[in-house]
Structure formats: structure tokens, C-alpha cells
Amino acid sequence: MKINIFFFFILTTFGISAQNFKGIVYDRTSNKPIIDANVYIKNSDFGDKTNKKGRFNIKISSRTFTNDTLVISHISYNTVKIIKSDFI
């Protein structure tokens, strides 16, 4: 049985050249971090894998991601897709 996941994120801007997109992915039921979840911007080279604390950090170039989709996936969980306009 696959379980839904939840994530918390922080978007920080460092000048005009790049942004860091940080967050934590955790199990909505147990509130435990999800290790080795893939977190990435769909159709791009930007992504990361969560660590043992469920944390990820995606460094995004200055390219504007207007309607891009953040994807969070793990073999034991349902895949979550979020359009940028839903969280920024």
C-alpha cells in the first residue's frame, strides 16, 4: 500500500543568478522523514534526493520557472506533483 507524502519547503534567493529551493519530505501519517525520495523540477536538470532527515536542497539557475512542476517521488509512496504557482 502506498502512503501519501507531505513536504515543507523554503525558497531562498541569492542575488539574481541563482535560487536555493530547500525543504523536508515526511510521511503525513507518522511524521517521520522520508529518506531517498527524489525531488526535482519536471523537464529540467534540477533535482536532489532527500537525506536521512528528509531534507533536500535544489540549486536553481536564474532561469524563470513560471509554470514548472515540482515532483516528489519514492518507491513506497504516491508521487506528488505540484505546479509552481501553487506554492510560490
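In which loop is Ser-44 found? Ser-44 sits in the loop that runs between β3 (38-41) and β4 (47-49). The model is a predicted one, in which local features need pLDDT of at least 70 and side-chain atom pairs count only at pLDDT 80 or more, while totals for chains, interfaces and linings use all residues. Residues are numbered from 1 along each chain as its sequence is written, and side-chain values use heavy atoms, with hydrogens and water left out.

The protein chain has 7 strands and 0 helices, and its pattern along the sequence reads β-β-β-β-β-β-β. Strands (E, at least two residues) and helices (H or I, at least four) are DSSP runs, numbered from the N terminus. Of the 88 residues in the protein chain, 31% are buried. Buried means under 20% relative accessible area, exposed means over 50%, and partly exposed lies in between (1.4 Å probe, protein chains only). The protein chain exposes about 5800 Å², of which carbon and sulfur atoms supply 52%; these areas come from the Shrake-Rupley method with a 1.4 Å probe, and for residues only the protein chains shown count as cover. Among contacts with a separation of 6 or more, 46% are between residues 24 or more positions apart, a contact being heavy atoms within 4.5 Å.

The largest nonpolar core has 12 residues in all, among them Phe-21, Val-39, Ile-41, Ile-60 and Leu-70. Two or more residues of this core come from each of β2 (18-27), β3, β5 (55-61) and β6. β5 gives the most, with 3 residues. A nonpolar core here is a set of buried Ala, Val, Leu, Ile, Met, Phe, Trp, Tyr and Cys residues joined through side-chain atoms within 4.5 Å. Leu-70 lies in strand β6 (residues 69-73) and counts as buried because its relative accessible area is 1%.

The C-alpha atoms of Ser-44 and Ile-60, 16 residues apart along the chain, are separated by 9.9 Å.

Asn-43 is also placed in the loop between β3 and β4. Asn-43 is not a glycine, yet has a positive phi of about 60°. Most residues other than glycine have a negative phi. With a relative accessible area of 73%, Asn-43 is exposed.

Asn-31, in the loop between β2 and β3, likewise has a positive phi of about 60° without being a glycine. Its relative accessible area is 54%, so Asn-31 counts as exposed.

Asp-27 belongs to strand β2. Asp-27 is buried but has no salt bridge, and the nearest side chain of opposite charge, Arg-28, is 7.8 Å away. A salt bridge requires a side-chain nitrogen of Lys or Arg within 4 Å of a carboxyl oxygen of Asp or Glu; for charge, Lys and Arg count as positive and Asp and Glu as negative, with His and the chain ends not counted. The Asp-27 side chain does reach the backbone nitrogen of Ser-30, at 3.0 Å.

Technical notes
Polar contact = N/O pair within 3.5 Å; in protein donor to acceptor, adjacent residues only side chain to side chain.
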